[in-house]
Amino acid sequence: MIDFQLTDKQRQLKDALEGLGRHVVRPQSLAWDRDHTVSEAFLRQFMGMARAFAGEGSAERFLGTGEEPGAGHGADRGAPRGKPSQANRTAAVGAEALAWCDAALLLAMPGPGLGGPPVRSTGTPEQRQRFFGIFKDMSQELRWGAYGLTEPGAGSDVAAIRTTCVKDGDAWVLNGRKCYITNGARAAWTVIFATVDHRLGRAGHRAFVVEKGTPGFSVGKIEDKMGLRASETAELVLEDCRVPEANLLGGADAHASKEGFMTAMKTFDTTRPLVGAMACGIGRAAYEHARYFVRERYLLSRPIPRYAALAERLARVGRRLEAARALVHHAVYLADLEQQNAKEASMAKAYAGQAAVHACTEAIDLCGAHGTLAGSDQLLEKWFRDIKVFDIFEGTGNIQRVVIAKRIVSGLKAF
Ligand SMILES: Cc1cc2nc3c(=O)[nH]c(=O)nc-3n(C[C@H](O)[C@H](O)[C@H](O)COP(=O)(O)OP(=O)(O)OC[C@H]3O[C@@H](n4cnc5c(N)ncnc54)[C@H](O)[C@@H]3O)c2cc1C
């Protein structure tokens, strides 16, 4: 039975992040958006504040820097013994709260990012220790990980990747081009998906951890985007890039079992609910803004029927966001139980993306001309720009609906 009650630690994490969001993050959001970056000094300061207010374990778990899903301790400290981990749920609570503050800041936070789940799920113990080890102490240097799957000719159609990997002695030689990679230019390592033979489709996929500075591995252009402008999105180029055999994710066993494609997909089972949680955070921010505006502006000064029509629209936004959050919590609940959750992860992401786009669009509309203003105290237009990509990256809404339909139909019994 899903328990929607947050633990004390999760409530503390949410309150701490939203408190920081209101007083420290949001006042700077538009400047970061304009400058296309969040300064390292602020990231360092923010991590320190998050640890201080939310507790060491919760912050670590939320940032995903631990080698194991349950590596942190603080978040579940309040949970009775014998209960399953709530690592994914804590991450969802943190993701919603931080996206409520500023989603670009969330994506810019140091840590393994999207690169974490494949290393965690497929990496050998030595690889997990080696690649997560660099995040343990970032007092001198901030570090990021990244995930490189998308290519100019392979976005939704993941099986079509053309980046090649050819074994040569004790190394693999990679050639190809990856695009739209979050934190790709700054990452200390990136999980790169390549194919031994594109005619094999999914069976040909292999995953490698490619470290920054490896000869033949370079950064192409940095994208200028409509939203999430303070989050870095980079192109990565691999030209005769020799990657040591030790960096083939999962080692020889994974190579033999042709697990590369599954590694890519397993990542999404963990991360799609979190993307849904982030969408809920942005949608809720816009919803709260519009609710305040409507209440202040209309409640006392306009005839009741007009206010009632606006209230009904607000209520529809609120209902959809709550339904989205319930889907997110169902998906992370299954993930914490280590149960199959691909369908629920897709449902959470597809529904939350649309619910949040609807929330931001309605919020602007409900605020009228005020909703379109851009300025230091007006973040609504930024949330409107930020939200669209949540229905695109990590599998578009359309692709989620294809996945859901396939899972539902394949689960039907013949009669
Ligand atoms: C800000 C940002 C950050 C990103 N970060 C990363 C990252 O870190 N790592 C990474 O690997 N990628 C990343 N991406 C890439 C992202 O995952 C892809 O953009 C996404 O998968 C869609 O691929 P595409 O852009 O090639 O669109 P396409 O696949 O070309 O899709 C175009 C349209 O066709 C529709 N469509 C395609 N196929 C079908 C189908 N079978 N049925 C129905 N409709 C379909 C899609 O829904 C969409 O509407 C990022 C993208 C952005 C914008």
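Buried means under 20% relative accessible area, exposed over 50%, and partly exposed in between, with a 1.4 Å probe and protein chains only. The model is predicted: local features need pLDDT of at least 70, side-chain atom pairs count only at pLDDT 80 or more, and totals for chains, interfaces and linings use all residues. Residues are numbered from 1 along each chain as its sequence is written, and side-chain values use heavy atoms, with hydrogens and water left out.

**Exercise 1.** State whether W189 and F135 are buried or exposed.

Solution. Step 1: W189 has a relative accessible area of 2%, so W189 is buried. Step 2: F135 has a relative accessible area of 4%, so F135 is buried too.

**Exercise 2.** Find how many aromatic pairs there are, and classify the pair of F135 and W189.

Solution. Step 1: rings of Phe, Tyr and Trp (its six-membered ring) pair if their centres lie within 6.5 Å; planes under 30 degrees apart count as stacked, over 60 as edge-to-face and the rest as tilted. Step 2: by this rule there are eight aromatic pairs. Step 3: F135 and W189 are 5.9 Å apart, centre to centre, with 70° between the planes, and the pair is edge-to-face. Step 4: F135 lies in the loop between α6 (125-133) and β1 (145-148), and W189 in strand β4 (residues 189-195), so the pair ties together parts that are 54 residues apart in sequence. Helices (H or I, at least four residues) and strands (E, at least two) are DSSP runs, numbered from the N terminus.

**Exercise 3.** Classify the pair of F390 and F393.

Solution. Step 1: the centres of F390 and F393 are 5.1 Å apart and the planes are at 80°, an edge-to-face pair. Step 2: F390 is buried, at 0% relative accessibility.
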